[in-house]
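Colleague: I am new to this one and want to learn how to read its features. Where do we begin?

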Amino acid sequence: MRYDVAIIGGGPAGYTAAERAAAGGLSTILFEKNALGGVCLNEGCIPTKTLLYSAKIYDTARNAGKYAVSVENPVFDLSRMIARKTKVVKKLTAGIRMKLSEHGVVVVQGMAEIKGRSAEGILSVQCREELYEASHLLLCTGSETIVPPIPGLNETAFWTSREALQNKEVPSSLVIIGGGVIGMEFASFFNSLGTEVHVVEMLDEILCGMDKELAGLLRAEYTKKGIRFYLSHKVTGVHEEEVLLEQGGETFVIKGEKILLSVGRRPVSTGFGLEHLQPETFRNGIKVNGYMQTSIPNVYACGDITAFSLLAHTAVSEAEVAIDHILGKAKKEMSYKAIPGVVYTNPEIAGVGKTEDELVTAGIPHTVKKVPMAFSGRFVAENEMANGVCKLLLDEENRLIGAHLLGNPASELIVIAGIAIEKGMTAEEFSSFVFPHPTVGEIWKEALLG
């Protein structure tokens with residue numbers, strides 16, 4: 001019952017850490033209270049992208065005439081979409097379990113609770129009445145949906161992403177509270193299925209943290225598709241199908257058959273005995289150094305619990321850094337210079353590095369290189385009548401420090417610019433690469449040369 005590494009949480013950070021630790025020769029135990037894969041695989045990233053792809057196929061079929069292809073009366077079946085989503089999740093969950101098993105990771109299903117740390121630094125964790133000990137502990141407990149104290153919300157059968165992903169009937173109308181990534185992805189999905197969608201956002205633009213100009217262009221695109229946006233509006237109450245809004249001292253009501261709450265997520269930092277260790281905190285999570293160590297040297301924290309970058313791919317990288325440090329082969333600290341952010345709407349929007357707003361606010365001198373996505377022949381060929389923008393940000397030394405895309409397939413292209421930012425490439429170095437023709441990725445070179 002003594003292990004080199006114990007991990008609480010089986011999401012992207014947890015299962016990555018477990019596999020890497022075991023592969024490195026460390027005896028490893030992983031505790032997961034629900035399902036392997038965490039929120040990302042079971043209630044977030046994978047399920048939503050599976051449904052969004054179905055919606056994209058449906059959109060393509062409905063607009064096939066633009067490409068000289070006739071598709072008569074395309075229809076969708078939401079219950080079958082949900083069934084396919086469930087099948088995909090099960091397949092990927094089974095894959096994770098198999099990989100952990102192959103590496104010899106002991107997986108314990110149940111709620112783990114930290115019991116303490118001995119004078120010698122040995123950590124004890126209890127799960128299902130069994131006590132386990134470990135030389136190192138990784139906290140990968142993830143995050144949970146924020147439910148703000150909106151009057152009437154507790155008496156209303158509202159949705160979070162979990163309920164929205166399980167729903168098998170298309171609502172006639174939907175009010176989404178929160179215009180962030182989760183809100184906009186569900187807005188995109190239900191808009192494609194014909195639902196009347198309302199998006200309420202307290203800030204003056206959707207997708208806080210993304211490039212504001214491109215976020216505005218995406219909002220304009222979805223306004224054309226029929227989504228109604230309420231920017232700079234505060235939700236002051238909810239009653240059954242009614243949502244009470246306030247702006248500038250005026251109040252009014254909008255109605256929706258369903259209400260989806262998506263105002264953000266917060267780290268899970270209670271319920272697993274963290275009070276028995278009392279590490280130093282950061283925001284509403286746990287403070288870590290560049291190697292993901294907490295203020296307790298043999299206790300590490302990775303993923304959403306650090307309250308820094310609540311993204312699955314960030315969690316994976318943090319887990320790799322933490323385990324490498326435990327193995328004694330960490331060469332560098334975790335870098336957050338080029339963490340991509342993607343919104344899987346149709347069209348997609350993605351960004352990496354600094355935004356123009358950040359640079360302007362901080363008074364940092366920079367150059368903006370911006371071209372329409374139509375400068376890419378491949379984009380024009382595959383996106384009839386579609387608009388898009390490619391924006392690059394360069395510092396005074398002409399090094400790439402930010403990149404932002406609106407247009408498909410932004411999610412697949414953003415990593416190219418991310419590598420350039422992480423490596424500190426200049427515009428000349430980046431543009432010297434040979435991009436295959438015709439590809440949408442050529443847009444990076446077009447923007448630099450433009």
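**Reading the features**

Modeller: P347 lies in the loop between strands β19 (341-343) and β20 (349-353). Helices (H or I, at least four residues) and strands (E, at least two) are DSSP runs, numbered from the N terminus. This is a predicted model, where local features need pLDDT of at least 70 and side-chain atom pairs count only at pLDDT 80 or more, while totals for chains, interfaces and linings use all residues. Residues are numbered from 1 along each chain as its sequence is written, and side-chain values use heavy atoms, leaving out hydrogens and water.

Colleague: Is the peptide bond from N346 to P347 cis or trans?

Modeller: Most peptide bonds are trans. The one from N346 to P347 is cis, with omega near 15 degrees. H437 and P438 are also joined by a cis bond, with omega about 0 degrees. P438 sits in the loop between α12 (427-431) and α13 (443-449).

Colleague: Is R283 buried or exposed? And is M292 buried or exposed?

Modeller: Compare relative accessible area with the cut-offs: buried is under 20%, exposed is over 50%, and partly exposed lies in between (1.4 Å probe, protein chains only). R283 has 60%, so it is exposed. M292 has 0%, so it counts as buried.

Colleague: Now the inside. Which residues of the largest nonpolar core touch the most other members?

Modeller: Nonpolar side chains tend to be buried together in soluble globular proteins. A nonpolar core is a set of buried Ala, Val, Leu, Ile, Met, Phe, Trp, Tyr and Cys residues joined through side-chain atoms within 4.5 Å. The largest here has 34 residues, and I176, M184, F189, L207 and I349 touch the most other members. Elements giving two or more residues include α3 (45-62), α4 (78-102), β8 (173-177) and α6 (181-192). The largest share, five residues, comes from α6. A second, separate core of 28 residues includes V352, V371, I414 and L448.

Colleague: Which residues does Y58 contact?

Modeller: Contact means heavy atoms within 4.5 Å. Setting aside neighbours within four places in sequence, Y58 contacts P74, V75, F76 and S192. Y58 belongs to helix α3. At 15% relative accessible area, Y58 is buried. The C-alpha atoms of Y58 and F76 are 7.0 Å apart, and the two residues are 18 apart along the chain.

Colleague: Last topic: helix packing. At what angle do α1 and α4 pack?

Modeller: Helix α1 (residues 12-23) packs on α4 at about 25 degrees, with the axes 9 Å apart. Therefore α1 is roughly parallel to α4. The classes are under 35 degrees for roughly parallel, over 145 for roughly antiparallel, 65 to 115 for roughly perpendicular, and oblique for the rest.

Colleague: Which residues make the contact?

Modeller: α1 supplies Y15, A18 and E19, and α4 supplies I96, K99 and L100. They divide into four nonpolar, no polar and two charged. Here Ala, Val, Leu, Ile, Met, Phe, Trp, Tyr, Cys and Pro count as nonpolar, Asp, Glu, Lys and Arg as charged, and the others, Gly among them, as polar.

How values were computed
Axes are lines fitted to C-alpha atoms, for helices over the stretch in contact, and angles run from 0 to 180 degrees between N-to-C directions.
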